[in-house]
Amino acid sequence: MTTSVRKSVVVSQERIVLALAILLFVIAALTLRGFIAPDNLISIVRSVSVLGILALGMAIVIIGRGIDLSAVAIMAMSVAWYLQMLRAGTPDALALPIALGGVLVIGLANGFLIAYADVPAIFATLASGAFVFGFVRSQLIAQDAIPVPAGHWVEVLGGIRYAGIPIEVFIFAAIAFATFLFLRYTKWGRYVYYAGDNPVAARNVGIPVRPMLMLRYVVSALIAFIAGLLTAASLHWMNTRVVNSTLLYDIILVAVIGGIGLSGGKGGVRNVLFGAALIGIMSNVMTILDIQVLIQNLIKATILLAAIIIDGLINPRDEQTSQQGDI
Amino acid sequence: MKYLKMIMAAAAALTIVLGVNVHKASAADPGPMQYAKALKGKRVMLVPMATGFDLAQGWMAILKHEVEGFGGIFETRDPNWKVEAGAQAITEAISSENKPDVLIAMPFDLNSYSKLLSRAQKEGIYVILIDNPANFKADAYVGGDWTELGRLEAEAVIKGCGANSSKKIGLVQGDETNATSLFQYAGIMEVMKQHPDFQVVAKPDSNWDATTSRTVTTTMLQQHPDMCGIIDFWDGDATGAAAAIRDAGKMKQIYLVTTGGGEETTDCKLLGDGTFSAVVSTELVNESEAMVAMIKYLLQSGQKPGTTPTYIYTLLSTITKDNMKPRSCWSLKGLQAIAEGK
């Protein structure tokens with residue numbers, strides 16, 4: 001009896017978010033006309049697909065006690081550069097590997113700076129994001145927005161539907177499943193948690209902490225590239241202004257709100273899915289209600305703040321964290 | 001007699017000399033000298049919201065060509081969509097040793113540059129506002145009358161929807177601070193009042209971002225499946241609204257109106273393939289030429305900066321697939337080639 005009472009008292013942030021999302025969903029379904037329509041539900045999932053994909057990459061990094069502030073810059077600039085090469089007449093067989101190579105280099109550079117040069121992740125990726133944006137924008141592309149060449153496979157990709165559901169939803173699901181398998185069932189996936197929970201102990205037991213760390217930033221960069229391709233596929237353009245938008249904060253919001261602790265070692269794919277669900281439903285409801293963007297940002301920021309406070313209360317800093325610092 | 005002859009000869013010679021002199025004086029037009037004296041070596045600086053989009057690149061190409069043509073120095077600063085970076089660029093320009101003689105600014109909103117630009121005028125710099133109005137007495141505002149632009153958009157969408165449609169229209173606004181967004185909205189609503197049977201059913205903001213435009217348009221289309229037209233406040237993000245319409249399979253049903261400078265790949269190409277239905281063009285080339293004329297005028301006028309606030313509105317035009325002509329749009333590549341002297 002006492003154990004069951006104690007169990008019910010334990011309220012994780014993940015459960016709060018799930019409950020909130022369900023509550024909001026039910027209220028919206030009962031009060032808002034058209035909310036429950038299948039098309040609207042598909043659109044909710046779709047609107048958070050790219051965000052969710054980016055948040056999965058971010059989750060892997062955060063679980064390993066890091067953060068990747070260069071994700072949006074990599075997403076926008078790698079794809080803009082790729083499209084620019086195509087426009088300039090570079091064959092796809094060459095342009096794609098070059099762009100992919102660039103993405104790998106940035107991921108490796110992020111990882112190297114953090115793992116071997118001991119630069120805090122928050123500064124290393126902030127700087128590399130600014131560098132990627134500045135370098136690509138000034139040296140490699142001619143304009144803020146680059147169109148996808150007509151008939152190119154990226155354009156075709158954006159039009160693919162299965163059972164009326166856009167392709168990016170399936171890709172989001174596939175990446176979520178792959179990430180789940182990686183984190184849960186592979187040795188290297190488990191190492192992410194150990195390294196995030198206590199890097200020194202992980203190193204002492206012989207886990208290759210530094211190469212693992214580089215791997216996480218490479219994975220994050222590659223996921224950003226995929227998210228960028230999907231964005232371009234849907235809009236037929238890549239507008240690099242997205243780097244200045246609130247997208248980066250939205251990614252962190254999805255990860256943190258879902259209950260992935262910023263101090264590392266906690267959370268998983270499920271948290272990202274719950275966070276994405278809440279944000280998706282909330283944005284959709286606010287758009288249906290015609291709430292101004294300024295107010296929408298205020299509401300989102302308030303929720304992020306609340307999530308961080310709850311995160312601090314539920315996952316208090318232990319001795320290890322305070323000794324080593326978090327991200 | 002002898003003397004008389006001499007006097008006559010001298011008079012004749014004098015007449016000839018004088019005549020030639022008179023002739024010479026009439027051939028020497030004083031204009032070019034005055035022009036060169038006033039303009040040569042003058043510095044013109046452009047601070048757009050960013051240098052990477054079609055409008056700014058078009059202005060830069062024409063201004064560079066013209067300013068360097070009269071022996072001036074043309075410079076730009078790139079705030080890259082950040083208002084603080086723009087303010088800093090203007091501050092530095094005002095306090096630098098080589099102050100610009102003419103500062104052309106594209107403000108982000110009605111107020112944030114106002115004080116800085118007044119200071120620039122006090123320092124003897126002529127200030128021209130381009131495309132975005134602000135609460136400030138510039139020596140010239142050059143660009144569209146955005147209220148009128150809103151009216152034209154509303155008229156285009158009403159005509160595009162037709163009398164037999166649902167008469168339901170959606171707006172994808174920019175944001176709540178930019179003058180172009182506020183004035184466009186005012187113009188649209190003015191026309192809507194004259195057509196009470198037409199109705200604006202939703203008016204979300206895109207924050208000028210294409211992905212947001214797509215998301216809010218998708219939601220709008222689901223909430224109002226019988227909608228007949230959408231006005232998106234800028235061609236830079238209207239590709240998002242267009243994507244939502246395309247995804248919903250409603251390209252034939254929805255009449256999509258937007259506005260832009262009339263660049264070939266962003267406007268006419270998208271009108272041609274049916275992505276946009278109508279674009280109210282701010283006619284970038286005319287706008288730039290007006291800007292050039294103002295620069296030349298101000299530098300010769302000798303007046304104190306801020307003396308006569310002037311509005312040079314470009315004649316706006318609504319381009320559709322049907323009325324599109326080879327000269328409806330301009331090519332950025334072409335303009336840049338001219339500026340590079342190729």
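The legends below accompany several close-up views of a predicted model.

In this predicted model, local features need pLDDT of at least 70, side-chain atom pairs count only at pLDDT 80 or more, and totals for chains, interfaces and linings use all residues. Residues are numbered from 1 along each chain as its sequence is written, while chains are lettered from A and ligands numbered from 1 in the order in which they are written.

View 1. Where pLDDT is low, the predicted coordinates should not be read in detail.

View 2. Helices (H or I, at least four residues) and strands (E, at least two) are DSSP runs, numbered from the N terminus. Helix 5 of chain A, residues 71-87, has 17 residues and reaches 24 Å from its first C-alpha to its last, close to the 24 Å expected at 1.5 Å a residue, where the expected span is 1.5 Å times one less than the number of residues. Of its 17 residues, 15 are buried, so helix 5 of chain A is largely enclosed by the rest of the structure. A residue is called buried if 20 or more other C-beta atoms lie within 10 Å of its own, exposed if 12 or fewer, and partly exposed in between, with C-beta atoms placed from the backbone. Helix 13 of chain A (residues 247-257) is mostly covered as well, with 10 of its 11 residues buried, among them L247(A), D250(A) and I257(A). These buried residues of helix 13 pack against helix 2 (13-31), helix 4 (49-63), helix 5, helix 14 (269-288) and helix 15 (293-314) of chain A.

**View 3. The surroundings of L113(A).** L113(A) has its place in helix 6 (residues 92-115) of chain A, and it is buried, with 20 other C-beta atoms within 10 Å. Not counting residues up to four places away in sequence, L113(A) touches V119(A) and A124(A). The C-alpha atoms of L113(A) and F123(A), which are 10 residues apart along the chain, are separated by 9.8 Å.

**View 4. The parallel sheet of chain B.** An open sheet of 6 strands in chain B has the order 2-1-3-4-5-11, with parallel pairing; two strands pair if DSSP finds at least two bridges between them. Strand 2 (73-76) and strand 11 (311-313) of chain B stand at the edges with a single partner strand each, so one side of each is left without a neighbour in the sheet. Strand 3 (residues 102-105) of chain B is joined to strand 4 of chain B by 4 bridges, and V102(B) stands opposite Y126(B) in strand 4. In strand 4 (residues 126-130) of chain B, 5 of the 5 residues are buried: Y126(B), I128(B) and I130(B) point one way, whereas V127(B) and L129(B) point the other way.

**View 5. The mixed sheet of chain B.** Another open sheet of chain B has 6 strands in the order 7-6-8-9-10-12, and its pairing is mixed. Its edges are strand 7 (199-202) and strand 12 (317-320) of chain B, each with a single partner strand, so one side of each is left without a neighbour in the sheet. Strand 9 (residues 255-260) and strand 10 (residues 278-281) of chain B run parallel and are joined by 4 bridges, and the bridge partner of T259(B) in strand 10 is V280(B).

**View 6. Where parts of the model meet.** The domain assignment of chain B, whose bounds come from an automatic or database domain assignment, gives domain 1 (34-144 + 284-315 + 332-339) and domain 2 (146-281). The C-alpha centres of these two domains of chain B lie 30 Å apart, and 13 residues of domain 1 are in contact with 11 residues of domain 2. The contact between the chains takes 28 residues from chain B and 28 residues from chain A. Helix 8 of chain B gives the most to the side of chain B that touches chain A, with 9 residues.

Notes
Two residues are in contact if their C-beta atoms, placed from the backbone, lie within 7 Å.
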